[in-house]
Structures are given as C-alpha cells and as structure tokens.
Amino acid sequence: MAARLEQVKNSIHNELALQNAQELMNKVTEKCFAKCVPKPGGSLSSSEEKCLSQCMERYLEAFDTVNRTYIARLKKERFDQQS
C-alpha cells in the first residue's frame, strides 16, 4: 500500500513538472515573440531570430535563478522546522 502511494505521488510530481515546463515554454514563446516580432510574416529576419534567441535565453536564465532561490528557501525552511 505504501509503495503504491509513493508511486502515485511520484506520478503526480512528474505530471506537475511536465505541466510547469510546458507553461514556461508557452510563456517564453508568447512574451519573446511579442517583443521580437512586431510584424509577423512568412519568415523571421536575422535580427528577429537573434532577438528571440537572446530573449528566450534571458527568460530561462531568470527562471532558473528564481527556481534555485526558491528551492534553497524551501530547504532552509524544512531544515529550520526540523531543528
């Protein structure tokens, strides 16, 4: 029974992680596209491609920084609660 419960928890955790990753990519695409492609057409110019690449990179770096800080904070809070 405990093993089954743990399996369900892991499955839910994995589904949430996938959903969060999909949401992140949707937001990055939406925001960077709006910023970098003012007049959509049949193809992207080299400056639009460069802008998109840099925008996505910065967005993901910022997300990574926030994520690492949040995880460190959760770990600290758990440690403080256990002490």
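Biologist: What is the torsion about the S-S bond of Cys32 and Cys55, and is the disulfide left-handed or right-handed?

Modeller: The torsion is about -80°, so the disulfide of Cys32 and Cys55 is left-handed. The pair links distant parts of the chain. Cys32 sits in helix 1, Cys55 sits in helix 2, and 23 residues separate them. Keep in mind that this is a predicted model.

Biologist: What is a disulfide in general, and how many does the structure hold?

Modeller: It is a covalent bond between the sulfur atoms of two cysteines. This structure holds two. In one, Cys32 is joined to Cys55, with 2.1 Å from S to S. In the other, Cys36 is joined to Cys51, with 2.0 Å from S to S. The torsion about the S-S bond of Cys36 and Cys51 is about -65°, so this disulfide is left-handed. Cys36 belongs to helix 1 and Cys51 to helix 2, so the pair ties together parts 15 residues apart in sequence.

Biologist: What is the pairing when the bonded cysteines are numbered in sequence order?

Modeller: The pairing is 1-4, 2-3.

Biologist: Which residues of helix 2 are buried, and what covers them?

Modeller: The buried residues of helix 2 are Glu48, Leu52 and Cys55. Their cover includes helix 1, residues 2-36.

Biologist: Take Leu52. Which residues is Leu52 in contact with, leaving aside neighbours within four places in sequence?

Modeller: First, its place: Leu52 is in helix 2. Its relative accessible area is 14%, so Leu52 is buried. Its contacts, with those neighbours left aside, are Cys32, Phe33, Cys36, Val37 and Leu44. Now try Asn10. Leu52 and Asn10 are 42 residues apart in sequence, and their C-alpha atoms are 35 Å apart in space.

Biologist: Why do residues three or four places apart in a helix point the same way?

Modeller: An α-helix has 3.6 residues a turn, so residues at that spacing point the same way. Salt bridges give cases here, and the structure holds four of them.

Biologist: What are the closest N and O atoms of Arg68 and Asp64 doing, in Å?

Modeller: They are 3.1 Å apart, and the two residues form a salt bridge. Arg68 and Asp64 are four residues apart in helix 2, so about one helical turn separates them. Asp64 is partly exposed, at 36%.

Biologist: Which residue forms a salt bridge with Glu77, and which meets Asp80?

Modeller: Arg73 pairs with Glu77, the closest N and O atoms being 3.2 Å apart. Again, these two are four residues apart in helix 2, about one helical turn. Arg73 is exposed at 54%, while Glu77 is partly exposed at 35%. Lys76 meets Asp80, at 2.9 Å from N to O. This pair too is four residues apart in helix 2, about one helical turn. Lys76 is exposed at 52%, and Asp80 is partly exposed at 42%.

Note on methods:
Residues numbered from 1 in each chain as written. Predicted model: local features only at pLDDT ≥ 70, side-chain atom pairs only at ≥ 80, totals over all residues. Heavy atoms only, no water. Buried < 20%, exposed > 50% of the residue type's maximum accessible area, 1.4 Å probe, protein only. Contact = heavy atoms within 4.5 Å. Salt bridge = Lys/Arg side-chain N within 4 Å of Asp/Glu carboxyl O. Disulfide = S-S within 2.5 Å.
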